[in-house]
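Trainee: Could you take a close look at one part for me, namely the pairing of strands, and then lead me from there through the rest?

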Amino acid sequence: MEHTSYLPLWLLALPLIGFLLNAVLYPLAAGGNQNVPRALAGITASASIGSVFILGLVALGDLIQGDVIVTKAYEWLNVGVFKVSLDLVLDRLSIVMVLIISGVGSLIHVYSMGYMEHEEGVGRFFAYLNLFCFSMLMLVLSDNLLFLFFGWEGVGLCSFLLIGYWYDQEANCAAAQKAFIVNRVGDVCFVMGLFILLWYFSTLSLSGMAGLVAAANPQVLQMACLLLFLGATGKSAQFPLFVWLPDAMAGPTPVSALIHAATMVTAGVYLIVRMGFMFSLSPDILFMIANVGCITVLLGGFIALQQNDIKKVLAYSTISQLGFMFVAVGVGAYKTAIFHLMTHAFFKALLFLGSGSVIHAMDGEQDMRKMGGLRLKLPKTYATMMVGAGALMGLPLLSGFFSKDAILFAAHSLPGGATYLWWGGLFGALLTGIYTTRLMKMTFFGTLRSSVVPHESKAIMTTPLVILAVLSAVAGFFSFPEGLGEILGVPIPAYLEHWLSPLLQAKEIGEFGFLGELGATLVATGVSLLGLTIGLVLFAKSSDFPIGKKLLEGKFYVDELYGALIVRPILRMGGALSALFEFVVQRVAEGLKLLAQSTASELRGIQTGDMQGSIVILVGAVVLFIAIFFIW
Amino acid sequence: MFDPELKGLQLQVDQPWFSEVGSRFHLGFDGISIVMGLLVSVVTLLIFVGARSFTCMPVAKEKNFVGLLLLLQTGALGAFAAADLLIFFMFWEFVLIPSYFLIGMFGGSDRIRAAVRFFIYTALGSLFMLFAFAWLIGEHSRQFGFLSASFADVAHVKLAFANSSLMAAVGSQQGLVFLAFMLAFLVKSPLIPFHGWLLKTYQEAPTAATVFIAAVLGKMGTYGLIRFMGMFPDAFQYSHVLFMLISSIGILFGAFQALGSKSVKELISWSSLSHVSYILLGIFSGGEEAISGAVLQMFNHGILIAGLFLVAGYLDARRPEGTILDFGGFAKKTPILAIFFMVIMLGSIGLPGTNGFVGEFLILAGAFKSHMLVGALATTGMVFGAIYMLSFYQKTMFGKPSFHGETKDIGASDLLALTLVCWFVFQVGLYPQSFIARIKSSSDVQLVKEP
């Protein structure tokens, strides 16, 4: 049942109001002064996103009664077949995203008020954060791919602005630019996908297309899905476009938590799940997605083994975990992907905020080789991060255990899956265990390896950590595997799965051949514990991974490869084209001038040299033009 | 008042004028020309409000300067409002005179050569146009038995076309007149390889005049294409993919040149070439969506390039004679300028929510439909456009301040001008239908008929 309400519009308007207050109104009221009172900026921003969360809960009440809330705001464009309106849809999938974005978002906003206490001009920071939330909500609420693209590019812009937040550092600006441009490469593919869909269906409305796909030409769908997926690899940092995410860690740590772990980078997963009705009809593309996801799981996991910057480890871990989500959507387990998206949002936001607390305590130090023994100095940060690390590794009963297990199970048992995807995922889980152990070991155990006197963060920073730790611990029970529950005799309903089922019909439980459901779970548990053990043994004395240290430290030299093959040639082409252009024009002008001088010496009196050259070039171009016309 | 619900010309003036060749003094606005008229007026206003702070000259000189700019405005408005071939030609040529003097009297060190070059290029293009006009008037009188130079009458002229071979196509009546038109308009726009005048003119002209030349004069070429291409349906159909291809190459060529640019004005000039190529791509794609997008992008590009050259003016006034690398750290010193520059930059790289996106999207979608490969080639321009614009912004605004001492932020009148620019960036970006509805009211914005 559909019902119309302005509630989704309010969900968008609130962060936008927060943005306008912090970006325009407060500075104007302060007489053009950029230094708005710190508390005012922070509270405004937190309140605006906090009220989105509350409104989201209100909407949840409506949705439980079986409604879909729809807003038709205005007709944006109407020309030819191209009709686009701002239609917002709040359904079972988007409400989950809204609650994750606004819930984790609120906690991170509050945390930021503590984290940014020594910064000047935090008004700008909070304005960007609100603008990000606005764009992200637009992305998940829009019923039209064009407005989804608005949000898609909007989050990219905010990511760019926030990575380069400390813009007087060259490195930050370079990282920001890299993020934007790599994303743009994906976006070009995305836009081309939109063109194909637009001309084929004469609409970009998701609900409109959902009704038309059944009768559509599968090749067209396949092409469109491929292009949209390429767009998703950019935003969600999948192979081969993952290179921007580690550099994006140059931004303030709360930004890494919100944008580069919990929400924005999951946009690609959301897109594919949202368009599942179309992707499901392109099994080849889904198969490709699962493989790309699997490659990314392993790639991210390997590189994370040998990073010494605490945030870089978490960045590669994020890439790897996003890979798990892509494996899930690739084998058709959409609900499981959303489940992992949610648990990952909790525990990865927790880990990033925890690392922020560590960095804060260490006066900005991010190198884990200079940390150590912090568990005594930062007890709250330590305790909460332990929960997060456990969830990331998939230790039993923590949230990551259930969601990762469900993905591995689906990768093996669903018709779209394959045994090698299961093996790949298991190996990825093993790597996760190893690098996470290394991270915790280097940061919190042993003795402190620098002269800084660390101090525990204030309550405003530790309270969000505690809340996220609780969520990371229990979120697994939001979607407890029912098959396992039956075997164990603990009938807990899989709430999230039931919630999403009316929207995403795909059956996501398959038969697990030789092991059975309990066996598969035990194997996954064993692998996590094995990873933990290997980590403890390997890094008992040294912090280096014994095999292929150089290669891992160099991140498989992917950046260098892209630099040599793509970036530098393009930059050189810019310079070379300029030089070539100068050269050709000069030579042609001079040559034609000589020609003109020798054939028309009597006109020498009025020659201004260059001018005549220009005319001759013009006429020459005309001749050339006509010649092209003839040949063509 | 202009009524967007009506089709055809409105607000007309129609007086007998030069009946020996069938010409009447006929002006009027339809949906396309009213948008162009708005552009001319807004840009002129922008110059008078926003360019004052960096255009310092004695009162006697300033009188001339302002007078010439007003003449330029008259000429451009006349050309966009003309509904008669001869009137169009008159205003088209008339514009050259004030531009020549603006460049020659007030320009940089190499101004004389720049002025001459500009004049020669465009005047040569005009010769072809005059030839084509004369031919059309002659054909009309032969086919219909009376003399008329009115757009509406001339549009009924049927020109023979042969597509048996390329020779025949070019040699046919329609092919010849078509080519003559193309030359006149493509030199003015410009499309590669006819852009030889562009860089020198933009660099040497005083920035206030560059704003007008880049924002408005180039649009006369693209406007002419949209206005007249409907008369050559066969020649257009025959050749439009080739011109789409050249336009796509122009997009990338301009972007690469901008990437290698050494100075602020040079970079903006090349970006202008790249963006104008988008407009041309839209026109040559030929569908309703693409043409509407092209008209909208003419307005957008005018507003954005005016904004960019104003920003260049403000930067120059704060750090004259600099290469891009000599700037840096302006965001700290001039935060308000940095914000406005950011909005204009984002519009220029076509971020959704800004005006640049709407035009680019419609154009590229139309190109994609018309020829998928050429459309895909042009779409990659989105990446390169972002690269040069972002590096430009970062090199000037971000990083450590490259010089010390006081730098004042922009003044009140500059702020007003940039606010106006940003208003249009967002109005078109967030509610494009307000413009598209007017453009659609024009008689026919579709060049390629659906099969």
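Mentor: In chain A, β2(A) pairs with strand β3 (residues 82-90) in the antiparallel sense, over eight bridges. Strands here are DSSP runs of E with at least two residues, helices are runs of H or I with at least four residues, and both are numbered from the N terminus. Two strands count as paired if DSSP finds at least two bridges between them. This is a predicted model, in which local features need pLDDT of at least 70, side-chain atom pairs count only at pLDDT 80 or more, and totals for chains, interfaces and linings use all residues. Residues are numbered from 1 along each chain as its sequence is written, while chains are lettered from A and ligands numbered from 1 in the order in which they are written.

Within this pair, A:Glu75 has A:Ser85 of β3(A) as its bridge partner. The two strands form a hairpin with two residues between them, and A:Gly80 in the turn has a positive phi of about 60°. Strand β2 (residues 68-79) also pairs with strand β1 (residues 2-4) of chain A, but these two run parallel and are joined by three bridges. There, A:Glu2 has A:Val68 of β2(A) as its bridge partner.

Helix α10 (residues 253-262) of chain A is largely enclosed by the rest of the structure, because ten of its ten residues are buried. A residue is buried if 20 or more other C-beta atoms lie within 10 Å of its own, exposed if 12 or fewer, and partly exposed in between, with C-beta atoms placed from the backbone. Among the helices against which the buried residues of α10(A) pack are α3 (92-115), α4 (122-141) and α5 (145-163) of chain A.

Helix α5 of chain A contains A:Trp152. This tryptophan counts as buried, since it has 30 C-beta neighbours inside 10 Å. Apart from residues up to four places away in sequence, A:Trp152 touches A:Leu139, A:Phe190, A:Lys235 and A:Ala267.

In soluble globular proteins, nonpolar side chains tend to be buried together. The largest nonpolar core here has 392 residues, and A:Leu137, A:Val327, A:Ala349, B:Val43 and B:Val211 have the most contacts inside it. Such a core is a set of buried Ala, Val, Leu, Ile, Met, Phe, Trp, Tyr and Cys residues joined through C-beta atoms within 7 Å. Leaving aside neighbours within four places in sequence, the contacts of A:Val327 include A:Ala290, A:Val297 and A:Ile407.

Let us turn to the other chain. Chain B has 20 helices and two strands. Its radius of gyration is 21 Å, close to the 22 Å that the globule rule gives for 451 residues, so chain B is as compact as a globular protein of that length. This radius is taken over C-alpha atoms, and the rule is 2.2 Å times the number of residues to the power 0.38. Buried residues make up 61% of the 451 residues in chain B.

The contact between the chains takes 48 residues from chain B and 49 residues from chain A. Helix α18(B) gives the largest share of the chain B side, seven residues. By class, that side has 28 nonpolar, 13 polar and seven charged residues.

Finally, some backbone details. Most residues other than glycine have a negative phi, and most peptide bonds are trans. In chain B, the bond from B:Ser189 to B:Pro190 is cis, with omega near -10°. A:Ser202 has a positive phi of about 60° although it is not a glycine, and it counts as partly exposed with 14 other C-beta atoms within 10 Å.

Key
Two residues are in contact if their C-beta atoms, placed from the backbone, lie within 7 Å. Ala, Val, Leu, Ile, Met, Phe, Trp, Tyr, Cys and Pro count as nonpolar, Asp, Glu, Lys and Arg as charged, and the others, Gly among them, as polar.
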